[in-house]
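Subject: Structure handover

Hello,

Here is the structure you asked for, with notes on what came out of the analysis. Please read the notes alongside the coordinates.

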Amino acid sequence: IDYDLTTMSKDMVYATVYLMMTEPDDFEGKKFKMRGQYLSAYYEPKDAYYNYCFISDAAGCCSQGIEFATKEHLKYPEDFPKDETNIEVVGEFESYMEDGKLYCHLKDSQMTVLKDEEN
């Protein structure tokens, strides 16, 4: 793991996630570990669900959702937890183009549902 956000202070998590989104080329191919809340979003033009690990920052004002794609071909909703469930995600950072826009996500991710005491 190149970046373990689970061991960083909330300020460092915020700074790292900010850099991931603003300078994605610096993080291509790096492996990340993070904890947050699971959230899904449906995108009608693609008829697809996108999965996110929602990480809160230190002040609680600038939270960020990091998209992830699981290594296994899981189906939504039966193979995913309910929204706002605490999860841990480990995956490789990758940027990609979709509909003419640049996006970032963790590919080939392993998602683990956390027990309350693990968060």
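Buried means under 20% relative accessible area, exposed means over 50%, and partly exposed lies in between (1.4 Å probe, protein chains only). By that cut-off E88 is buried, at a relative accessible area of 13%. Of the 119 residues of the chain, 34% count as buried.

Two notes on conventions. This is a predicted model, in which local features need pLDDT of at least 70 and side-chain atom pairs count only at pLDDT 80 or more, while totals for chains, interfaces and linings use all residues. Residues are numbered from 1 along each chain as its sequence is written, and side-chain values use heavy atoms, with hydrogens and water left out.

Overall fold

The chain has one helix and six strands (DSSP runs numbered from the N terminus: helices are H or I with at least four residues, strands are E with at least two). From the N terminus on, the order is β-α-β-β-β-β-β. The radius of gyration is 14 Å, close to the 14 Å from the globule rule for 119 residues, so the chain is as compact as a globular protein of that length. That radius is taken over C-alpha atoms, and the rule is 2.2 Å times the number of residues to the power 0.38. Along its principal axes the C-alpha trace spans about 35 × 35 × 25 Å.

Contact means heavy atoms within 4.5 Å. Among contacts in the chain with a separation of 6 or more, 61% are between residues 24 or more positions apart.

Core

A nonpolar core is a set of buried Ala, Val, Leu, Ile, Met, Phe, Trp, Tyr and Cys residues joined through side-chain atoms within 4.5 Å. The largest one has 19 residues, and those with the most contacts inside it are M20, F32, M34, I55, F68, V89 and L106. Two or more residues of this core come from each of α1, β2 (31-43), β3 (48-55), β4 (64-70), β5 (86-98) and β6 (101-113). Leaving aside residues up to four places away in sequence, M20 touches F27, F32, M34, I66, F93 and C104.

Salt bridges

The structure holds four salt bridges, each being a side-chain nitrogen of Lys or Arg within 4 Å of a carboxyl oxygen of Asp or Glu. In one of them E88 pairs with R35, with the closest N and O atoms 2.7 Å apart. This pair links distant parts of the chain, with E88 in strand β5 and R35 in strand β2, 53 residues apart. R35 counts as partly exposed, at 32% relative accessibility.

E92, E94 and K107 are linked in a network of salt bridges. The closest N and O atoms are 4.0 Å apart for K107 and E92, and 3.7 Å apart for E94 and K107. K107 is partly exposed at 24% relative accessibility, as are E92 at 29% and E94 at 23%.

Surface

The chain exposes about 7,300 Å², of which carbon and sulfur atoms supply 46%; accessible areas come from the Shrake-Rupley method with a 1.4 Å probe, and for residues only the protein chains shown count as cover. Y14, Y18 and L19 form a nonpolar surface patch with about 290 Å² of accessible area together. Patches take residues with over 30% relative accessible area and no salt bridge, joining like charges within 9 Å and nonpolar side chains (Val, Leu, Ile, Met, Phe, Trp, Tyr) within 5 Å. L19 lies in helix α1 (residues 10-22) and is partly exposed, with a relative accessible area of 34%.

Regards
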